[in-house]
Amino acid sequence: MRFIDDDNKFLTTPITMREVRKETFSMKALKAPGPDGVQPLFYQHFWNTIAMSLFQFCQKCFHENLFLADLNNSYITLIPKTKNPENISQFRPITLCNVSYKILAEIIVDRLRPILCRTISPQQASFLPGRQASDNIFVTQEIIHTLMNLKGKSGGLILKIDLEKAYDMADWDFLESVLKWFNVEKSFCNLIMSCVKNTTTSILWNGTPLTSFNPSRGLRQGDPLSPYLFVMCMEYLSALILDKVNQNKWKGIKASPNRPTITHLFFADDLILFTKK
């Protein structure tokens, strides 16, 4: 399902001081700072002094559909996944963004979230309120149980695809085409893409930033926008699968005769495909 006119009207409504204050005070005060070295605590403690300047800044970004690259610089810190990591794949890259960027990004997310809860198909269970990955786990277990107890020549195929690299390697042109496919209003689409593209980043090595560079693809882990943009990209893939189903080129599997046909399920960074033999 794509965005309707009322959705786009809600997305492009002028920003309010209430939204800016809400996002500022919803952050954990001592979160790791970005390149500006300022934590949310500063914005919260000196709110009465900086509130109007911060509000006007966010208002300008919405009005011009642009987030300035100078304020969208970030650090990447490498968090080890194991106790004694031995290679780069055993680190998780987390992006540390400036608080001013995160405030604007959270406002965008707060506007997108209720629309995505309605438009994203039930095959996706991650990142959206009211949905749990455990739901898809239970469905997958039911399908596996069904296949293991099948008799005769009939059977099915389950294929698990790791999407971890898809998050880090997402093509920005593809992302923009997905936003247009969702019918996101052009000005709001431009604002989102400026948040994604207008950025420089540096890797923190022993607490010291290395030479900065300009990424050319990927979604930043640690950016409030990234999970929801990834969900939208996966929804496009889901639509392609369902299109093949409607053309009778793909047949899913039922856990029992009275259950719906399952063709695919998404997890945070995994995709499971189901089809009859």
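Phe174, Leu175, Val178, Leu179 and Trp181 of helix H8 meet Leu229, Met232, Cys233, Glu235, Tyr236 and Ala239 of helix H10, contact meaning heavy atoms within 4.5 Å. The residues of this contact comprise ten nonpolar, no polar and one charged; Ala, Val, Leu, Ile, Met, Phe, Trp, Tyr, Cys and Pro count as nonpolar, Asp, Glu, Lys and Arg as charged, and the others, Gly among them, as polar. The model is predicted, with pLDDT of at least 70 needed for local features and 80 or more for side-chain atom pairs, while totals for chains, interfaces and linings use all residues. Residues are numbered from 1 along each chain as its sequence is written, and side-chain values use heavy atoms, without hydrogens and water.

The axes of H8 (residues 172-181) and H10 (residues 226-246) come within 10 Å and cross at roughly 70°. The two helices are therefore roughly perpendicular to each other, a class that covers angles of 65 to 115 degrees.

In helix H6 (residues 133-148), Asn136, Thr140, Ile143 and Thr146 are buried, that is, under 20% relative accessible area, with exposed meaning over 50% (1.4 Å probe, protein chains only). Seen down the axis of H6, the buried residues fall within an arc of 120°, so they line one face of the helix; the arc is that of the directions from the helix axis to the C-beta atoms. Phe138, His145 and Met148 are exposed on the other side of H6. The cover over the buried residues of H6 includes strands E3 (156-162), E6 (264-266) and E7 (270-276).

Thr275 is found in strand E7. Its C-alpha lies 6.2 Å from that of Thr263, twelve residues apart in sequence.

Conventions:
Helices (H or I, at least four residues) and strands (E, at least two) are DSSP runs, numbered from the N terminus. Axes are lines fitted to C-alpha atoms, for helices over the stretch in contact, and angles run from 0 to 180 degrees between N-to-C directions. Angles under 35 degrees count as roughly parallel, over 145 as roughly antiparallel, 65 to 115 as roughly perpendicular and the rest as oblique.
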